[in-house]
Amino acid sequence: MENVIQIQYYQSPCGELILGAYREKLCLCDWKIEERRIIIDRRIQKELQASYKEGISEVIARTIGQLDEYFAGRRTTFDIPLLLVGTDFQKTVWNELLNIPYGKTISYAGLSQKLGNPKAIRAIASANGANPISILVPCHRVIGSDRKLVGYGGGLPAKKILLDLESSDRLF
């Protein structure tokens, strides 16, 4: 493989993330310790026909700056160029996640209705779980219909920290 995905590690208040950039687009912002880490890494590397190489790039530097602002309560949206790597169905789900406003949540059932496929709750939950760009593509904003926190690659404690951060009034 001759193509390179620049990777860098980022220590967030709720766990270490691995950031990846390919051709100046962010293709990875995921929890370093994630049970699907190998599956996600293989999918991205195979699809892009690229291998990981630790280093910094402009898009990774910008992502780190914006994550710092997010965790400091000074940023509610991101403007990083994204490269979504997955199936067409997964990309459709991930693009819909981008429409969930900061500080808001939606249930898996609600998400499946927004996508016009109310019976596809499990498939949508699976696509949500395969999201390789955590936080920026806000899969943490999807919760159970009973308002309980369910499934998150970074673990439920990280999901709670993110949702608590977004519900606080300490912004700006």
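Analyst: A salt bridge is a side-chain nitrogen of Lys or Arg within 4 Å of a carboxyl oxygen of Asp or Glu. Bear in mind that this is a predicted model, where local features need pLDDT of at least 70 and side-chain atom pairs need 80 or more, while totals for chains, interfaces and linings use all residues. Numbering runs from 1 along each chain as its sequence is written, and side-chain values use heavy atoms, with hydrogens and water left out. With that cut-off, the count of salt bridges comes to 7.

User: Is aspartate 41 buried or exposed?
Analyst: The cut-offs are under 20% relative accessible area for buried and over 50% for exposed, with partly exposed in between (1.4 Å probe, protein chains only). Arginine 37, its salt-bridge partner, has 11% and is buried. Aspartate 41 has 13%, so the call is buried.

User: How far apart in sequence are the parts that glutamate 16 and lysine 32 tie together?
Analyst: These two form a salt bridge with closest N and O atoms 3.7 Å apart. Glutamate 16 is in strand E2 and lysine 32 in the loop between E3 and helix H1, so the parts they tie together are separated in sequence by 16 residues.

User: And which residue pairs with arginine 141 in a salt bridge?
Analyst: Arginine 141 is in the loop between H5 and strand E6, and its partner is in helix H6, so the pair ties together parts 25 residues apart in sequence. Both side chains are on the buried list. With closest N and O atoms 2.8 Å apart, the partner is glutamate 166.

User: How many disulfides does the structure hold?
Analyst: A disulfide needs two cysteine sulfur atoms within 2.5 Å. For cysteine 139, the closest cysteine sulfur is that of cysteine 29, 9.6 Å away, so a bond is ruled out. Cysteine 14 has no bond either, its nearest cysteine sulfur, again in cysteine 29, being 10 Å off. The total is 0.

User: On to the pockets: how much space lies in the largest pocket?
Analyst: A pocket is an open set of points on a 1 Å grid over the protein atoms alone, fitting a 1.4 Å probe, with protein on both sides within 12 Å along at least five of seven lines; lining residues have an atom within 4 Å of a point. Of its 14 lining residues, Thr77, Phe78, Leu98, Leu136 and Pro138 are closest to the centre. By class the lining has 10 nonpolar, 2 polar and 2 charged residues. The space is about 210 Å³.

User: Which element gives the largest share of the lining of the second largest pocket?
Analyst: That pocket holds about 180 Å³ and has 16 lining residues, with Arg36, Gly129, Gly151, Tyr152 and Gly153 nearest its centre. The largest share, 3 residues, comes from H5.

Definitions and conventions
Points joined across faces, edges and corners; volume = space filled by probe spheres on them. Nonpolar A, V, L, I, M, F, W, Y, C, P; charged D, E, K, R; others polar. Helix = DSSP H or I, 4+ residues; strand = E, 2+ residues; numbered from the N terminus.
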